[in-house]
Amino acid sequence: MTAAADLAGRLTVVSGAGGGIGAGLAREAVSRGMKVLALDVDAARLAALAGSLPRDAVRTAVVDVADAEAVAAAASEATAAWGPAALICCNAGIEFAGRTWDMTPDQWRRLQGINVDGAFHLLHAFLPATIADGRPGHVLVTSSVGGLSSGAG
Ligand SMILES: NC(=O)c1ccc[n+]([C@@H]2O[C@H](COP(=O)([O-])OP(=O)(O)OC[C@H]3O[C@@H](n4cnc5c(N)ncnc54)[C@H](O)[C@@H]3O)[C@@H](O)[C@H]2O)c1
């Protein structure tokens, strides 16, 4: 485990940080002295999060994690300001409530684009600098009970 002291002052990136688990991750990271890059597609949610945290501890970017170039641009800005990420939280995700075969191909691609490609885009944009940095770092991927077992449909 990395000691909390080794993470203080270093960058955390959280996708889907506008609400729910992602906002909780962002708040916890700030409470531990980390700098947070909060990514979300919802600008209003990001603004509410930023307004509730110390100004010098959080940067926000309206980014769709399915967009590799947008993730890369946000990574460049944040790492230039705060250095390589110490914690990469691939948390943004959406759900399709229904049977797999009832999805349209567009819905299927959107789901994959966010839940699968989106996590890859974060790793691709942030992880090489973290590894090159040499200090301990962590990757957190928010999953689901649905990622551990399958159900009907
Ligand atoms: N809460 C649960 O019970 C539960 C159960 C299983 C899995 N999960 C997973 O946990 C993660 C967080 O869930 P939550 O309950 O906090 O969700 P939430 O809906 O409260 O928050 C998700 C956030 O992700 C943002 N988002 C959606 N699409 C995005 C995109 N393309 N790019 C960037 N941001 C995007 C949303 O705007 C929202 O702010 C998700 O990956 C979800 O699939 C949650």
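A: Five strands make up an open sheet. Their order is S3-S2-S1-S4-S5, and the pairing is parallel. Strand S3 (58-62) and strand S5 (138-141) are the edge strands; each has a single partner strand, so one side of each is left without a neighbour in the sheet. On average, neighbouring strands are turned by 15 degrees against each other, direction ignored. Note that this is a predicted model.

Now take the pairings. Strands in a sheet pair through backbone hydrogen bonds, either parallel or antiparallel. Here, strand S1 (residues 11-15) pairs with S2 in the parallel sense, over five bridges. Within that pairing, Ser15 has Leu39 of S2 as its bridge partner. S1 also pairs with S4, again in the parallel sense, over four bridges. There, Val13 is bridged to Ile88 of S4. Ile88 in turn has Val139 of S5 as a bridge partner. S4 and S5 run parallel and are joined by four bridges.

Six of its six residues are buried. Helix H5 (residues 105-133) lies across S1, strand S4 (85-90) and S5. H5 runs at about 175 degrees to S4.

Next, the packing. The largest nonpolar core has 38 residues. Those that touch the most other members are Val13, Val14, Ala26, Leu37, Ala38, Leu39 and Leu122. At least two core residues come from each of S1, H2, S2, helix H3 (43-51), S3, helix H4 (68-82), S4 and H5. S4 supplies the largest share, six residues. So which residues does Ala38 contact, leaving aside its neighbours within four places in sequence? They are Val14, Ala17, Ala26, Leu46, Leu49, Val58 and Thr60.

Last, the ligand. It is surrounded by 23 residues, and the closest are Gly16, Gly18, Gly20, Gly93 and Ser144. Helix H2 (20-31) and strand S2 (35-40) are the elements that give two or more residues to this shell. H2 gives the most, with three residues. By class, the shell has eight nonpolar, ten polar and five charged residues.

Note on methods:
Residues numbered from 1 in each chain as written. Predicted model: local features only at pLDDT ≥ 70, side-chain atom pairs only at ≥ 80, totals over all residues. Near = placed C-beta within 6 Å. Nonpolar A, V, L, I, M, F, W, Y, C, P; charged D, E, K, R; others polar. Pairing = 2+ DSSP bridges. Axes fitted to C-alpha atoms, helices over the stretch in contact; angles between N-to-C directions. Contact = placed C-beta atoms within 7 Å. Core = buried A, V, L, I, M, F, W, Y, C linked by C-beta atoms within 7 Å. Buried ≥ 20, exposed ≤ 12 C-beta atoms within 10 Å, placed from the backbone.
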